[in-house]
Amino acid sequence: MAAAKRKHVTTAEAGAPAGYTAIPVKLSEKQQSPHYLYVKEHKVREGTDTTHPPNRTLFVLNIPPYCTKACLSRLFSCCSSVQSVNVCEKPGPREKPEAPKSKFFNLKTVTGFRVAYVVFKNPAGVQAAKSLSLQGPLVISSESHPVKTGIRKWIASYAASVVDPAELKAEVDTFMQTYDKKIAEEEAKAEEEEGIPDEEGWVKVTRKGRRPGLPRTEAASLRVLEREKRKRARKELLNFYAWQHRETKRENIAQLRKKFEEDKQRIVLMRAQRKFRPY
């Protein structure tokens with residue numbers, strides 16, 4: 001009997017990496033060949049990863065795309081109460097989000113096979129999960145908890161991609177309020193620090209300067225527009241065509257030649273005036 005059980009989940013037969021335990025799973029009861037999840041206890045130094053406690057965290061490899069967080073939580077809930085499930089693209093410490101995640105912007109979809117960190121409320125859950133390798137394949141999709149695949153999954157994805165205008169407006173308004181509050185705090189802090197030297201004696205110069213620009217009136221704006229229009233009119237169609245360039249060059253050459261001849265005559269006249277005339 002024990003040999004029959006080991007036949008399903010022998011580490012060598014399942015191709016599990018060294019140190020991992022292979023747990024067989026199936027998408028449905030109809031599936032003939034099982035898929036294997038490779039699990040081991042998550043071990044890190046104390047204090048390096050506070051979101052994944054080393055004594056209560058199970059590290060899972062080779063998670064198929066159709067296996068969601070809810071599926072993992074349900075599969076391992078038979079071992080102990082599951083506190084959290086973190087599914088990611090590759091192993092690494094979990095980054096603490098500085099702000100709540102957006103529902104519409106900067107969405108990152110992880111495709112392909114993934115890894116997960118399953119955190120149990122009880123440390124005994126890790127060892128109980130590793131002992132699942134001695135049992136039959138776990139079923140991911142059942143009648144009570146179906147997993148959408150194929151055309152049903154595409155329809156659900158499309159329905160989820162349709163944006164609700166009211167929710168989008170609420171999220172944008174919240175973001176702008178947070179942004180305006182942040183800018184107001186930065187401006188208030190800059191005004192407090194203006195003119196105050198730091199430890200090395202340097203005074204920070206803000207972008208406003210000592211004499212901030214006054215808002216323009218409508219008449220002043222019209223005068224600026226008229227000045228720009230006259231400036232453009234002077235430059236308009238100046239030396240625009242090739243023949244205009246040639247004519248301009250010819251005129252410059254003719255003026256230089258005329259000036260050269262005038263200079264020659266002036267030099268001849270000056271030499272004639274310098275001649276010595278005793279009588």
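A salt bridge here is a side-chain nitrogen of Lys or Arg within 4 Å of a carboxyl oxygen of Asp or Glu. This is a predicted model, where local features need pLDDT of at least 70, side-chain atom pairs count only at pLDDT 80 or more, and totals for chains, interfaces and linings use all residues. Residues are numbered from 1 along each chain as its sequence is written, and side-chain values use heavy atoms, leaving out hydrogens and water.

**View 1. Asp173 pairs with Lys169 in a salt bridge.** The closest N and O atoms of the two sit 3.0 Å apart. Both belong to helix α6, and being 4 residues apart puts about one helical turn between them. (Helices are DSSP runs of H or I with at least four residues, strands are E runs of at least two, and both are numbered from the N terminus.) Asp173 is partly exposed at 32% relative accessibility, while Lys169 is exposed at 53%. For these labels, buried means under 20% relative accessible area, exposed over 50%, and partly exposed in between, using a 1.4 Å probe and protein chains only.

View 2. Arg250 is exposed at 53%, and Glu247 is partly exposed at 35%. Arg266 is partly exposed at 45%, and so is Asp263, at 29%. Overall, the count comes to 3 salt bridges.

**View 3. Helix α3 (residues 69-76) has a buried side.** Its buried residues are Cys71, Leu72, Leu75 and Phe76. They cover an arc of only 115 degrees around the axis, so they end up on the same side of α3. The arc is taken from the directions from the helix axis to the C-beta atoms.

**View 4. Six strands form an open sheet with mixed pairing, in the order β4-β5-β3-β2-β1-β6.** β4 (82-88) and β6 (138-139) stand at the edges with a single partner strand each, so one side of each has no neighbour in the sheet. Two strands pair if DSSP finds at least two bridges between them. Further in, 4 bridges join β2 (residues 35-41) to β3 (residues 57-63), and the two run antiparallel. Tyr38 stands opposite Leu61 in β3.
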